[in-house]
Every structure is written in structure tokens, then in C-alpha cells.
Amino acid sequence: EISACLVGSEMCIRDRYGAQDMTTEDPLAPIKKQIRKEITEKLTKLSAEEVKSQGEFVKKAILTSDFYKRSKYIFLYLGMKTKKEMPTEEILREILRDGTEKFCYVPKVETKTRMKAYRVYSWEDYVAFPTNKMSIKEPPNQDLEKRENPLETGNLDLILLPGLAFDSDGNRLGRGAGYYDRFITETEAVMKKMGKPMPYMVGICFKEQVTGSVPCSPWDRKVDLVVYPRDQ
């Protein structure tokens with residue numbers, strides 16, 4: 001069975017578009033550290049067969065979903081194989097196979113805490129991407145000016161993002177760098193300025209990454225849906 005947990009899309013604080021200070025010391029840090037440790041230990045025990053099996057379940061759930069079918073402009077994270085993130089290459093392949101029906105954007109790390117998104121034009125385009133220090137393929141520096149950035153055009157309907165842990169309320173715990181929390185905050189600001197709706201946000205993970213409760217700091221961002229395989 002595929003579990004798709006519908007949750008609230010509101011932020012953990014009232015000011016939906018307010019600037020978030022992620023440099024402040026987080027009183028929830030010890031709890032988050034413990035959850036990260038527990039989830040990481042579970043992930044290290046996943047076999048290659050289990051990773052593949054759960055990946056197939058999630059791929060099918062995403063590609064047959066209503067939120068995917070109604071979306072044209074899609075941001076997709078590229079999983080870190082070394083950290084056992086849910087693989088997304090086959091989802092990317094299917095998005096690109098749709099040709100002009102779908103447009104896909106992937107992350108490009110800019111600094112230690114920030115990233116941007118750029119369009120991938122074809123599977124061949126993606127295959128030629130270089131690999132960064134985190135062993136993730138990303139668009140090459142030399143042609144970024146020629147690639148569409150969805151936060152410049154406002155073309156974004158759906159965000160498929162990773163997390164180290166999720167709960168049934170849509171709270172998300174990342175790995176601590178804040179890449180996606182900042183990206184989502186920037187996306188909200190752009191969409192508000194352009195008068196466009198916020199993209200639908202979907203968290204993707206292994207069933208081992210879903211926990212009872214994820215602590216939420218002011219800058220942590222919720223997702224609208226969490227998709228993961230669940231045993232009967």
C-alpha cells in the first residue's frame with residue numbers, strides 16, 4: 001500500500017511570508033539530533049533490494065497521482081545515493097519523457113546553505129551533468145545563464161523534496177543545512193510577488209523515515225503531502 005498523508009500546508013509560525021532567521025540557536029537541536037541519529041541508523045540497514053522496491057512503489061504513486069497529472073512545472077530533488085535518500089532518477093526520466101507536457105527543474109548548490117533550481121531539458125542533458133561534492137548530479141556552471149530558473153519566471157506547480165524524517169502532520173526534518181527551508185521561503189516570496197499560488201509540496205521518503213512526531217522550529221517548513229510505502 002502506498003501511504004500519501006494529506007497534511008496542512010501552513011508554516012509552523014503565523015507569518016507565512018516572513019523572513020526566517022536560521023542562524024538563531026535552536027532549542028530543539030538536541031531532539032532533532034537524536035531523531036536524525038535514529039533515522040540514519042535505520043537507513044543504513046536498508047538493503048539495495050529494499051531501496052529499489054520502495055523506490056518503485058513511490059515512483060508509481062507519484063506518476064499516477066492527481067497532483068502530478070495536473071502539474072506542468074515540477075521541481076524534483078536528486079537523491080544522494082551515499083545517504084540513502086529515496087531515488088528519483090526514474091521519476092525524472094518519466095517527467096522528461098513527457099516532452100513539452102512537463103518541465104522539470106533540479107537543484108544546483110550555490111553555497112553551503114543555499115541552492116537554486118534550473119531546468120533539465122532532456123535525459124541526455126541530465127546524463128551529461130557533472131557530479132558535485134555530495135555525489136549529486138547538477139547543471140554545469142558554464143551554461144546556467146541559458147537555463148530557466150523557475151524562481152525568475154514563476155513557473156512552478158509542484159515541488160518534490162526529500163527529508164530525513166517526516167510525521168503525519170507534514171512536519172519535515174532535513175539534514176541540518178537548511179537548503180530546502182530557504183528554497184521554500186524564497187519560492188513563497190516570489191510567488192506572492194507575482195500573484196501566483198504556492199506550488200504543491202510533496203515529501204518523498206522510505207517508510208523507515210516516517211516517525212510519530214517531528215519537532216518544528218520557526219524556520220522549518222511543512223509539506224502538503226508525504227508519500228511513502230507502507231506495509232499492510
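User: How many bridges join strand 3 to strand 4 (residues 115–120)?

Analyst: This is a predicted model, where local features need pLDDT of at least 70, side-chain atom pairs count only at pLDDT 80 or more, and totals for chains, interfaces and linings use all residues. Residues are numbered from 1 along each chain as its sequence is written, and side-chain values use heavy atoms, leaving out hydrogens and water. Strands here are DSSP runs (E, at least two residues; helices are H or I, at least four), numbered from the N terminus, and two strands pair if DSSP finds at least two bridges between them. Strands 3 and 4 run antiparallel, and the bridges joining them number six.

User: And which residue in strand 4 is the bridge partner of Val106?

Analyst: A hairpin takes you from strand 3 to strand 4 through five residues. Over in strand 4, Val106 is bridged to Tyr118.

User: Does strand 2 (residues 73–76) run parallel or antiparallel to strand 3?

Analyst: Phe75 has its bridge partner in strand 3, namely Tyr105. Three bridges join strands 2 and 3, and the direction is parallel.

User: Is Asp157 buried, partly exposed or exposed?

Analyst: Asp157 sits in the loop between helix 6 (150–153) and strand 5 (158–161). Buried means under 20% relative accessible area, exposed over 50%, with partly exposed in between (1.4 Å probe, protein chains only). Asp157 has 30% relative accessibility, so it counts as partly exposed.

User: How far is the backbone nitrogen of Lys72 from a polar atom of the Asp157 side chain?

Analyst: Leaving out residues up to four places away in sequence, Asp157 touches several residues, including Lys72 and Tyr73, where contact means heavy atoms within 4.5 Å. From the Lys72 backbone nitrogen to that side-chain atom of Asp157, the distance is 2.9 Å.

How values were computed: A polar contact is a pair of N or O atoms within 3.5 Å; within protein, one must be able to donate a hydrogen and the other to accept it, and residues adjacent in sequence count only if both atoms are side-chain atoms.
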